[in-house]
Amino acid sequence: MLVEQIMKTPVITLQPTNTIAEAIQLVRQRRIRHIPIVDGENCVVGIVTDRDIRDVSPSIFQIYEHLADFQKPISTIMKTDVIVGHPLDFVEEVATLFYEHKISCLPIVKDRKLVGIVTETDLLYTLIQLTGAHQPGTQIEIKVPNESGMLSKAAAIIAKRNTNISSVLLYPDKDENYQILVFRVQTMNPIGIINDLKNAGYIVLWPNLPGVSS
(Lines give C-alpha, C1' and ligand atoms only; values in the text may rest on other atoms or scores of the structure.)
Protein backbone atom coordinates (compact mmCIF):
# COMPACT_ATOMS: atom_id res chain seq x y z
CA MET A 1 0.00 0.00 0.00
CA LEU A 2 1.26 3.45 -0.94
CA VAL A 3 1.23 6.58 1.19
CA GLU A 4 -0.95 8.43 -1.33
CA GLN A 5 -3.74 5.96 -0.50
CA ILE A 6 -3.87 6.91 3.19
CA MET A 7 -2.59 10.50 3.40
CA LYS A 8 -4.95 13.32 4.33
CA THR A 9 -5.43 16.17 1.89
CA PRO A 10 -5.83 19.12 1.70
CA VAL A 11 -3.54 19.94 4.61
CA ILE A 12 -4.25 22.64 7.18
CA THR A 13 -1.15 24.84 7.31
CA LEU A 14 0.22 28.11 8.63
CA GLN A 15 3.08 30.33 7.52
CA PRO A 16 6.06 31.31 9.70
CA THR A 17 4.65 34.81 10.17
CA ASN A 18 1.39 33.59 11.69
CA THR A 19 1.22 34.07 15.45
CA ILE A 20 1.24 31.51 18.22
CA ALA A 21 -2.26 32.70 19.11
CA GLU A 22 -3.45 31.79 15.59
CA ALA A 23 -1.89 28.34 15.94
CA ILE A 24 -3.67 27.79 19.26
CA GLN A 25 -6.99 28.83 17.74
CA LEU A 26 -6.46 26.56 14.73
CA VAL A 27 -5.63 23.54 16.88
CA ARG A 28 -8.74 24.06 18.99
CA GLN A 29 -11.17 24.84 16.18
CA ARG A 30 -10.06 22.10 13.77
CA ARG A 31 -9.19 19.57 16.49
CA ILE A 32 -5.82 18.78 14.99
CA ARG A 33 -2.50 18.00 16.62
CA HIS A 34 -0.01 18.90 13.89
CA ILE A 35 0.39 22.01 11.74
CA PRO A 36 2.92 21.98 8.88
CA ILE A 37 4.46 25.42 8.37
CA VAL A 38 4.91 26.38 4.72
CA ASP A 39 6.36 29.31 2.80
CA GLY A 40 4.68 31.24 0.01
CA GLU A 41 5.36 28.43 -2.47
CA ASN A 42 3.81 25.75 -0.23
CA CYS A 43 7.18 24.23 0.62
CA VAL A 44 7.53 22.80 4.12
CA VAL A 45 9.81 24.93 6.30
CA GLY A 46 8.76 23.69 9.73
CA ILE A 47 6.15 21.95 11.84
CA VAL A 48 4.33 22.74 15.07
CA THR A 49 2.48 20.25 17.26
CA ASP A 50 -0.02 20.70 20.06
CA ARG A 51 2.78 19.70 22.44
CA ASP A 52 4.96 22.55 21.19
CA ILE A 53 2.09 24.93 21.91
CA ARG A 54 1.51 23.51 25.39
CA ASP A 55 5.21 23.84 26.19
CA VAL A 56 5.17 27.59 25.53
CA SER A 57 1.73 28.30 26.95
CA PRO A 58 1.79 29.88 30.42
CA SER A 59 -0.25 28.69 33.37
CA ILE A 60 -3.85 29.91 33.43
CA PHE A 61 -2.87 31.90 36.51
CA GLN A 62 -0.22 33.79 34.54
CA ILE A 63 -1.91 34.07 31.15
CA TYR A 64 -2.54 37.81 31.39
CA GLU A 65 1.10 38.41 32.22
CA HIS A 66 2.21 36.78 28.97
CA LEU A 67 -0.30 38.04 26.40
CA ALA A 68 2.51 39.48 24.31
CA ASP A 69 4.04 36.01 23.93
CA PHE A 70 0.98 34.83 22.03
CA GLN A 71 1.62 37.47 19.37
CA LYS A 72 5.07 36.13 18.57
CA PRO A 73 5.43 34.48 15.16
CA ILE A 74 5.06 30.72 14.94
CA SER A 75 8.61 30.60 13.58
CA THR A 76 9.86 31.12 17.14
CA ILE A 77 8.59 27.71 18.28
CA MET A 78 8.40 25.59 15.11
CA LYS A 79 10.76 22.69 14.48
CA THR A 80 12.72 23.09 11.27
CA ASP A 81 14.36 19.66 10.97
CA VAL A 82 11.23 18.18 9.40
CA ILE A 83 11.21 14.59 8.18
CA VAL A 84 9.03 14.25 5.09
CA GLY A 85 7.73 11.47 2.89
CA HIS A 86 6.64 11.02 -0.73
CA PRO A 87 3.23 9.89 -2.03
CA LEU A 88 4.82 6.82 -3.61
CA ASP A 89 6.54 5.65 -0.42
CA PHE A 90 5.27 2.35 0.98
CA VAL A 91 3.22 2.52 4.17
CA GLU A 92 5.56 -0.03 5.77
CA GLU A 93 8.54 2.27 5.15
CA VAL A 94 6.67 5.20 6.66
CA ALA A 95 5.82 3.15 9.76
CA THR A 96 9.54 2.47 10.17
CA LEU A 97 10.23 6.21 10.05
CA PHE A 98 7.64 6.82 12.77
CA TYR A 99 9.25 4.19 14.97
CA GLU A 100 12.90 5.07 14.38
CA HIS A 101 12.51 8.85 14.71
CA LYS A 102 9.71 8.79 17.30
CA ILE A 103 7.55 11.16 15.28
CA SER A 104 3.77 11.46 15.34
CA CYS A 105 3.16 12.85 11.84
CA LEU A 106 4.81 12.96 8.44
CA PRO A 107 4.24 15.74 5.88
CA ILE A 108 4.08 14.33 2.37
CA VAL A 109 5.77 16.34 -0.38
CA LYS A 110 5.98 16.02 -4.14
CA ASP A 111 8.25 18.24 -6.22
CA ARG A 112 9.09 20.00 -2.92
CA LYS A 113 5.42 21.01 -2.47
CA LEU A 114 3.25 19.85 0.43
CA VAL A 115 0.53 17.52 -0.91
CA GLY A 116 -0.62 15.61 2.17
CA ILE A 117 0.04 14.47 5.72
CA VAL A 118 0.07 11.13 7.53
CA THR A 119 -0.40 10.83 11.29
CA GLU A 120 0.09 7.97 13.71
CA THR A 121 -3.70 7.61 13.82
CA ASP A 122 -3.77 7.12 10.04
CA LEU A 123 -1.13 4.40 10.35
CA LEU A 124 -3.02 2.65 13.14
CA TYR A 125 -6.26 2.66 11.16
CA THR A 126 -4.40 1.33 8.11
CA LEU A 127 -3.02 -1.53 10.21
CA ILE A 128 -6.55 -2.34 11.36
CA GLN A 129 -7.70 -2.46 7.73
CA LEU A 130 -4.75 -4.58 6.61
CA THR A 131 -5.35 -7.14 9.34
CA GLY A 132 -9.11 -7.19 8.80
CA ALA A 133 -9.68 -6.68 12.52
CA HIS A 134 -12.55 -4.26 11.80
CA GLN A 135 -14.57 -7.04 10.14
CA PRO A 136 -16.36 -9.99 11.78
CA GLY A 137 -14.18 -13.07 11.73
CA THR A 138 -11.70 -15.25 13.56
CA GLN A 139 -7.92 -15.14 13.90
CA ILE A 140 -6.01 -18.39 13.49
CA GLU A 141 -2.29 -18.67 14.27
CA ILE A 142 -0.27 -21.68 13.22
CA LYS A 143 3.37 -22.59 13.63
CA VAL A 144 4.99 -23.92 10.47
CA PRO A 145 8.50 -24.88 9.36
CA ASN A 146 10.45 -22.01 7.84
CA GLU A 147 10.22 -23.46 4.35
CA SER A 148 8.89 -22.21 1.04
CA GLY A 149 5.32 -23.09 0.11
CA MET A 150 3.97 -23.35 3.66
CA LEU A 151 1.64 -20.37 3.23
CA SER A 152 -0.01 -21.71 0.10
CA LYS A 153 -0.43 -25.17 1.63
CA ALA A 154 -2.10 -23.84 4.76
CA ALA A 155 -4.31 -21.48 2.72
CA ALA A 156 -5.43 -24.41 0.55
CA ILE A 157 -6.66 -26.25 3.63
CA ILE A 158 -8.73 -23.24 4.68
CA ALA A 159 -10.08 -22.86 1.14
CA LYS A 160 -11.49 -26.41 1.23
CA ARG A 161 -13.91 -25.18 3.90
CA ASN A 162 -15.13 -22.47 1.47
CA THR A 163 -14.00 -19.81 3.94
CA ASN A 164 -12.65 -16.48 2.75
CA ILE A 165 -9.33 -15.23 4.11
CA SER A 166 -9.46 -11.52 5.05
CA SER A 167 -5.74 -11.10 5.69
CA VAL A 168 -2.49 -12.99 6.23
CA LEU A 169 0.45 -11.97 8.41
CA LEU A 170 3.76 -13.73 8.87
CA TYR A 171 6.30 -13.23 11.64
CA PRO A 172 9.34 -15.20 12.85
CA ASP A 173 9.18 -17.68 15.71
CA LYS A 174 11.72 -17.74 18.53
CA ASP A 175 13.07 -20.86 16.85
CA GLU A 176 14.51 -19.67 13.53
CA ASN A 177 13.54 -23.01 11.99
CA TYR A 178 9.86 -22.03 12.29
CA GLN A 179 7.60 -19.12 11.51
CA ILE A 180 4.10 -18.08 12.56
CA LEU A 181 1.29 -17.67 10.05
CA VAL A 182 -1.67 -15.56 11.16
CA PHE A 183 -4.87 -15.89 9.16
CA ARG A 184 -7.94 -13.71 9.61
CA VAL A 185 -10.84 -15.80 8.27
CA GLN A 186 -14.46 -14.83 7.68
CA THR A 187 -16.11 -17.32 9.98
CA MET A 188 -17.19 -17.25 13.61
CA ASN A 189 -16.84 -21.03 13.98
CA PRO A 190 -13.26 -22.06 13.16
CA ILE A 191 -13.36 -25.51 14.77
CA GLY A 192 -13.57 -27.34 11.45
CA ILE A 193 -10.63 -25.42 10.01
CA ILE A 194 -8.61 -25.96 13.18
CA ASN A 195 -9.20 -29.70 13.07
CA ASP A 196 -8.23 -29.81 9.38
CA LEU A 197 -5.00 -27.94 10.09
CA LYS A 198 -4.13 -30.17 13.03
CA ASN A 199 -4.88 -33.30 11.02
CA ALA A 200 -2.50 -31.99 8.34
CA GLY A 201 0.24 -31.76 10.98
CA TYR A 202 0.16 -28.02 11.72
CA ILE A 203 0.67 -26.68 15.25
CA VAL A 204 -2.33 -24.44 16.01
CA LEU A 205 -1.34 -21.74 18.50
CA TRP A 206 -4.64 -19.86 18.45
CA PRO A 207 -7.54 -20.26 19.04
CA ASN A 208 -6.49 -22.30 22.05
CA LEU A 209 -10.01 -23.26 23.08
CA PRO A 210 -11.35 -26.06 25.31
CA GLY A 211 -11.58 -29.18 23.21
CA VAL A 212 -9.56 -27.74 20.32
CA SER A 213 -6.35 -26.68 22.10
CA SER A 214 -3.04 -27.23 20.32
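Me: What makes a run of residues a strand or a helix here?
Reply: Strands are DSSP runs of E with at least two residues. Helices are DSSP runs of H or I with at least four. Both are numbered from the N terminus. The model is predicted.

Me: Where is the place of P207?
Reply: P207 sits in the segment after β8, which spans 203–206. W206 and P207 are joined by a cis peptide bond, with omega about 5°.

Me: What makes the bond from T9 to P10 cis or trans?
Reply: Its omega is near 0°, and the bond is cis. P10 belongs to the segment before α1 (20–30).

Me: Why is R31 called exposed?
Reply: Exposed takes over 50% relative accessible area. R31 has 77%, so it is exposed. R31 lies in the loop between α1 and β1. Its phi is positive, about 55°, although R31 is not a glycine.

Me: Is N162 buried or exposed, and what makes it so?
Reply: The cut-off for exposed is over 50%. N162 has 73% relative accessibility, so it counts as exposed. The loop between α5 and β6 holds N162. N162 is not a glycine, yet its phi is positive at about 55°.

Me: Why is H34 called buried?
Reply: Buried means under 20%. H34 has 9% relative accessibility, so it counts as buried. H34 is in strand β1.

Me: What makes the link between the side chains of H34 and S104 a polar contact?
Reply: The limit is 3.5 Å for a pair of N or O atoms. The side chains of H34 and S104 are joined at 3.0 Å, so the pair is within it. Beyond its neighbours within four places in sequence, H34 is in contact with V48, T49, S104, C105, I117 and T119.

Me: How do you know that V115 is partly exposed?
Reply: Partly exposed runs between the buried limit of under 20% and the exposed limit of over 50%. V115 has a relative accessible area of 26%, so it falls in between. V115 lies in strand β4.

Me: Which residues does V115 touch, not counting those up to four places away in sequence?
Reply: They are M7, K8, T9, V11, P87, I108, V109 and K110. V115 and M7 are 108 residues apart in sequence, and 8.8 Å apart in space, C-alpha to C-alpha.

Me: Which residues of helix α5 are buried?
Reply: In α5 (150–159) they are M150, A154, I157 and I158. They cover an arc of only 100° around the axis, which puts them on the same side of α5. An α-helix has 3.6 residues a turn, so residues three or four places apart point the same way. The cover over the buried residues of α5 includes β5 (138–145), β6 (165–172), β7 (178–185) and α6 (191–199).

Me: Which are the buried residues of helix α3?
Reply: V91, V94 and F98 are the buried residues of α3 (91–101). Their arc around the axis is only 60°, which puts them on the same side of α3. The elements that cover them include β3, β4 and α4. The face turned away carries the exposed residues E92, Y99 and E100. After α3 comes K102, with a positive phi near 55°.

Me: How many residues line the largest pocket, and which lie nearest its centre?
Reply: The lining has 18 residues, with T49, K79, K102, I103 and S104 nearest the centre. A lining residue has an atom within 4 Å of a pocket point. The pocket holds about 410 Å³ of space. β2 (44–49), α2 (50–56) and β3 (105–110) each give at least two residues to this lining. The largest share, 4 residues, comes from α2.

Me: How do the residues of that largest pocket's lining divide?
Reply: They are 6 nonpolar, 3 polar and 9 charged. Asp, Glu, Lys and Arg count as charged, so the lysines K79 and K102 fall in that class.

Me: Which residues lie nearest the centre of the second largest pocket?
Reply: I32, R33, H34, I117 and T119 do, out of a lining of 13. The volume of this second largest pocket is about 310 Å³. β1 (34–38), β4 (113–119) and α4 (120–131) each supply at least two lining residues. The lining has 6 nonpolar, 3 polar and 4 charged residues.

Conventions. Residues are numbered from 1 along each chain as its sequence is written. This is a predicted model: local features need pLDDT of at least 70, side-chain atom pairs count only at pLDDT 80 or more; totals for chains, interfaces and linings use all residues. Side-chain values use heavy atoms; hydrogens and water are left out. On a 1 Å grid over the protein atoms alone, a cavity is a set of points where a 1.4 Å probe fits but cannot get out, and a pocket is an open set with protein on both sides within 12 Å along at least five of seven lines; lining residues have an atom within 4 Å of a point. Grid points are joined across faces, edges and corners, and a volume is the space filled by probe spheres set on the points. Buried means under 20% relative accessible area, exposed over 50%, partly exposed in between (1.4 Å probe, protein chains only). The arc is that of the directions from the helix axis to the C-beta atoms. Contact means heavy atoms within 4.5 Å. A polar contact is a pair of N or O atoms within 3.5 Å; within protein, one must be able to donate a hydrogen and the other to accept it, and residues adjacent in sequence count only if both atoms are side-chain atoms.
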